[in-house]
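Dear colleague,

Please find below the structure that I am handing over to you, together with its sequence. My notes on what was found in it follow directly after.

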Amino acid sequence: MSGDVAVLGAGMHPWGKWGRGFVTYGRIAAHAALADAGIGWPEVRSVVGAQTVRGGYPGYVAGATFARALGWQGARVASVYAACASGAQAIDTARAQILAGLADVVLVVGADAAPKGFFAPAGGERPDDPDWLRFRVLGATNPAYFGLYARRRMALYGDTPEDFALVKVKNAAAGALNEYARYRTSVTAEEVAASAMVADPLRLLDICATSDGAAALVLCSMDFARRRGVRDPVRIRAVSTVTPTFPRAVLDLPDIGTDSAVAVDPSPESFRASIARTAYEEAGIGPEDLSLAEVYDLSTALELEWYEDIGLCAPGEGAKLLRSGATGPGGRVPVNASGGLASFGEAVPAQAIAQVCELTRQLRGRAGQRQVPGARVGITANQGLFGHGSAVVAVR
């Protein structure tokens, strides 16, 4: 049996700060995905919601929340939370239901109404929570550890703030062409360098914002797509949700300690590299087959790291690859043709779903001025807290 499922519809609510609840955003994105799929809501037999822990009880039961907002019609529901990997796990859950024969058509929805400023931990005393500890013990806000990753690249590979700024310049130019992006203005490297310092060496324009937004997908079996006359749909071919392997010998916040490597040698690859490798193996492709990639640019420096993790270049060569133009418009493998988080900001449960929405548009040839010519294979990649892998391979 083929492991492919079809992407019948993709829809989004624009990112921004809109002052409304996440349910409103999710409902709008869901209606857009259903319209794109050309099917009615009663035909959906399952709803998988990516949770938002800031949404109170409705956010904790996102699947049922979105089903209720669209109108009770008996569909099964599921809710998943995996921090920034929530969307990929929601897609994986939907795919599993389809391949198991539990539902022909599944709606996947993620939406968030993010707080102003940078994310903070939930309240209370939680000494067994690594995320709480890195705030309390280290004072390491998200921008602080983005800055630490950037400093590590500078020390190991000689990357410079000028390299990081070029990532923002590239992504802002793409975001300026994306109707769903929050920030739709091109910037120069000089403007990045003149923005406020947040966590040395990263400046304000090096770091993604927090945003409201939503994304939704209608996934279906290949048989259902054929019955609807869709002969060549975009297909989800692989979803990687792997965890790290023991021992973890390199610090990776929010964890603030490493494992002992006395008895067992560390893996030769990083956790992030294993996320992409697993997706490639399942899909039967390699990085050489990619037409484009959507990666998780929480900061400009982290995008460079993803180039290496998804196999576009060797470790330490991310900045060189960027400067060659290979990851920009018209390059060998354009990265973040959507504009990335640099242009959208974080709406945590929706992000991995939005990445697949972008692949869908690109593989259909409907991305307008952002279109990657002849796009046939794309990968998404990001990482959620506490060892949540997230990568999706889509093909056409």
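Predicted model: local features only at pLDDT ≥ 70, side-chain atom pairs only at ≥ 80, totals over all residues.

Two or more lining residues come from each of the elements β1 (5-16), β9 (292-295), α13 (340-344) and α14 (351-364). Of these elements, α14 gives the largest share, with 5 residues. By class, the lining of the largest cavity consists of 7 nonpolar, 7 polar and 4 charged residues. The space inside the largest cavity comes to about 160 Å³.

In total, the structure contains 2 cavities of 30 Å³ or more. For the second largest cavity, the computed volume is about 30 Å³. Its lining is formed by Phe118, Phe119, Asn142, Pro143, Phe146, Ile207, Cys208, Thr210 and Glu346. Of the residues lining the second largest cavity, 6 are nonpolar, 2 are polar and 1 is charged.

**Packing of two helices**

A pair of packed helices is described by the angle between the two axes and by the distance between them. In this model, helix α10 (residues 271-283) packs against helix α11 (residues 300-309) at an angle of about 50°, and their axes are 9 Å apart. Because of that angle, α10 is oblique to α11. The crossing of α10 with α11 is right-handed.

Which residues meet where α10 contacts α11? From α10 come Arg272, Ala273, Ile275 and Ala276, and from α11 come Glu305, Trp306 and Asp309. The residues of this contact comprise 4 nonpolar and 3 charged, with no polar ones.

**Backbone features**

Most peptide bonds are trans, and most residues other than glycine have a negative phi. The following places in the model may therefore be of interest to you when you inspect the backbone.

- Phe246 and Pro247 are joined by a cis peptide bond, with omega about -5°. Pro247 is located in the loop between β8 (234-240) and α10.
- Leu253 and Pro254 are likewise joined by a cis peptide bond, with omega about 20°. The loop between β8 and α10 is also where Pro254 lies.
- Ala83, a residue other than glycine, has a positive phi, near 55°. Ala83 is placed in the loop between β3 (76-80) and α4 (86-99).

With kind regards

Notes. Residues numbered from 1 in each chain as written. Heavy atoms only, no water. Axes fitted to C-alpha atoms, helices over the stretch in contact; angles between N-to-C directions. Helix = DSSP H or I, 4+ residues; strand = E, 2+ residues; numbered from the N terminus. Parallel < 35°, antiparallel > 145°, perpendicular 65-115°, else oblique. Left-handed = near helix turned anticlockwise from the far one by under 90°. Contact = heavy atoms within 4.5 Å. Nonpolar A, V, L, I, M, F, W, Y, C, P; charged D, E, K, R; others polar. 1 Å grid on protein atoms, 1.4 Å probe; cavity = no way out; pocket = protein on both sides within 12 Å on 5 of 7 lines; lining within 4 Å. Points joined across faces, edges and corners; volume = space filled by probe spheres on them.
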